[in-house]
Amino acid sequence: MEAEVLLCGGCMSASGLSNLVFIDGILNHAHYLNILRDNLKLSAQHLGIGNNFVLYEDNDPKNTALNVRHWCFYNCLQNLKTLPESPDLNPIEHIWRDLEVRV
């Protein structure tokens, strides 16, 4: 039996958290670009950080697709690329660990 996976993503800053984006199904580069366009700028404005943010991505193929890189070049002044699935460099992994410990 195949398990259904529901992914979620969001952003965080010293001034708060954005709304979570739930992804039901396969996330491809086109869907990822829509999430960036529809949510990233709005979340940055909501958090009061304007364009002063760092887009933190790994080198997943959907993050490095040409249309995504092109959009990020013009809309994300700072972009930090890391190794795929690197728990040492991924802040959300530390949050998941804290959550597991508390639960």
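Me: Which helix is asparagine 63 found in?
Reply: Asparagine 63 sits in helix 2, residues 61-64. Helices here are DSSP runs of H or I with at least four residues, numbered from the N terminus. Before we go on: this is a predicted model, where local features need pLDDT of at least 70, side-chain atom pairs count only at pLDDT 80 or more, and totals for chains, interfaces and linings use all residues. Residues are numbered from 1 along each chain as its sequence is written, and side-chain values use heavy atoms, with hydrogens and water left out.

Me: Is asparagine 63 buried or exposed?
Reply: Buried means under 20% relative accessible area, exposed over 50%, and partly exposed in between (1.4 Å probe, protein chains only). Asparagine 63 has 7% relative accessibility, so it counts as buried.

Me: And which residues is asparagine 63 in contact with?
Reply: Contact means heavy atoms within 4.5 Å. Leaving aside neighbours within four places in sequence, asparagine 63 is in contact with Tyr32, Glu57, Asp58, Val68, Arg69 and Lys81.

Me: Where is serine 43 found, and what does it touch?
Reply: Serine 43 is in helix 1, residues 29-46. Serine 43 is buried too, at 12% relative accessibility, and it touches Cys11 and Ser18, not counting residues up to four places away in sequence.

Me: How many aromatic pairs does a search of the whole structure find?
Reply: One. The rings of phenylalanine 73 and tyrosine 74 have centres 5.0 Å apart and planes at 90 degrees, so they form an edge-to-face pair. Rings of Phe, Tyr and Trp (its six-membered ring) pair if their centres lie within 6.5 Å; planes under 30 degrees apart count as stacked, over 60 as edge-to-face, the rest as tilted. Phenylalanine 73 is exposed at 64% relative accessible area, and tyrosine 74 is exposed at 56% relative accessibility.

Definitions and conventions: Helices (H or I, at least four residues) and strands (E, at least two) are DSSP runs, numbered from the N terminus.
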